[in-house]
Amino acid sequence: NAFAALVEGDATLAMIGLLALGAGGDLERLTTDPDLLASLISPEAVASGGAELAAAPPIVRTPLVSRYLDGMLFCAYLHGAMGGWTAVDAAHAHLPTTTEEILHPERLGAREPDVITLPALPGLEARGFVVHDEDTLGELEISIYLAQGTGEDRDASAGDGWSGDRLRVYRRDTETAVVWVST
């Protein structure tokens, strides 16, 4: 989620800053060149953190890795383009609310996501289905879902353009029904 990406990204960027300082470099060179920074830390390198993580399905592995990698790139954007650590600190006061903002930091605060309210579905309820859970996936998880069968963990272009979504899961004994609306 967006908050976890901010927190983990901030910590990861701070560690990189200390390493850069110790090596005689400066963090500003990295945060003003996002491509250079991204090239230093690949998703594959982050995901190689253990056999369990590598074996986990993309819907588990990718959001965990994203918190650190995309979160760090988000904080680097704030640091390099918006005003150093002051801009990163300001993000903690005005939290990003969607993974779209983390994946596209230039969109931070640009718009509110569409609020989608799912109606009651009396047809399902009459058949004994009970609401089990309801949530929003967001751009990151939609890009993971839409990448299924492609050999990739996520399809960034398929998730880009996300404006909002709502998912509701119903259960009846061992059966599951899912309703999902996305804009």
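Where is the kink in H6 centred? The legends below answer this and describe further views of the structure.

**View 1. The whole predicted model.** This is a predicted model, in which local features need pLDDT of at least 70, side-chain atom pairs count only at pLDDT 80 or more, and totals for chains, interfaces and linings use all residues. Residues are numbered from 1 along each chain as its sequence is written, and side-chain values use heavy atoms, with hydrogens and water left out. The protein has ten helices and three strands; these are DSSP runs numbered from the N terminus, helices being H or I of at least four residues and strands E of at least two. Their order along the sequence is α-α-α-α-α-α-α-α-β-α-α-β-β. The C-alpha trace spans about 70 × 40 × 25 Å along its principal axes.

**View 2. The kinked helix H6.** The kink in H6 is centred on methionine 82 and amounts to about 130°. The bend at a residue is the angle between axes fitted to the seven residues ending there and the seven starting there. Helix H6 covers residues 58-93, and its end C-alpha atoms are only 31 Å apart. A straight helix of 36 residues would span 52 Å at 1.5 Å a residue, the expected span being 1.5 Å times one less than the number of residues.

**View 3. H6 against H9.** The axes of H6 and helix H9 (residues 138-146) come within 10 Å and cross at roughly 140°. Axes are lines fitted to C-alpha atoms, for helices over the stretch in contact, with angles from 0 to 180 degrees between N-to-C directions. On the H6 side, Pro58, Ile59, Thr62, Pro63 and Ser66 make the contact, and on the H9 side Leu140, Glu141 and Ile144; contact means heavy atoms within 4.5 Å.

**View 4. The three-stranded sheet.** An open sheet is formed by three strands in the order S1-S2-S3, with antiparallel pairing. Two strands pair if DSSP finds at least two bridges between them. Strand S1 (130-135) and strand S3 (175-182) are the edge strands, each pairing on one side only. From one strand to the next the twist averages 20°.

View 5. Five bridges pair S1 with strand S2 (residues 165-172), and valine 130 stands opposite arginine 171 in S2. S2 and S3 are joined by eight bridges; aspartate 165 has serine 182 of S3 as its bridge partner. The hairpin of S2 and S3 has two residues between the strands, and aspartate 173 takes a positive phi near 50° there.
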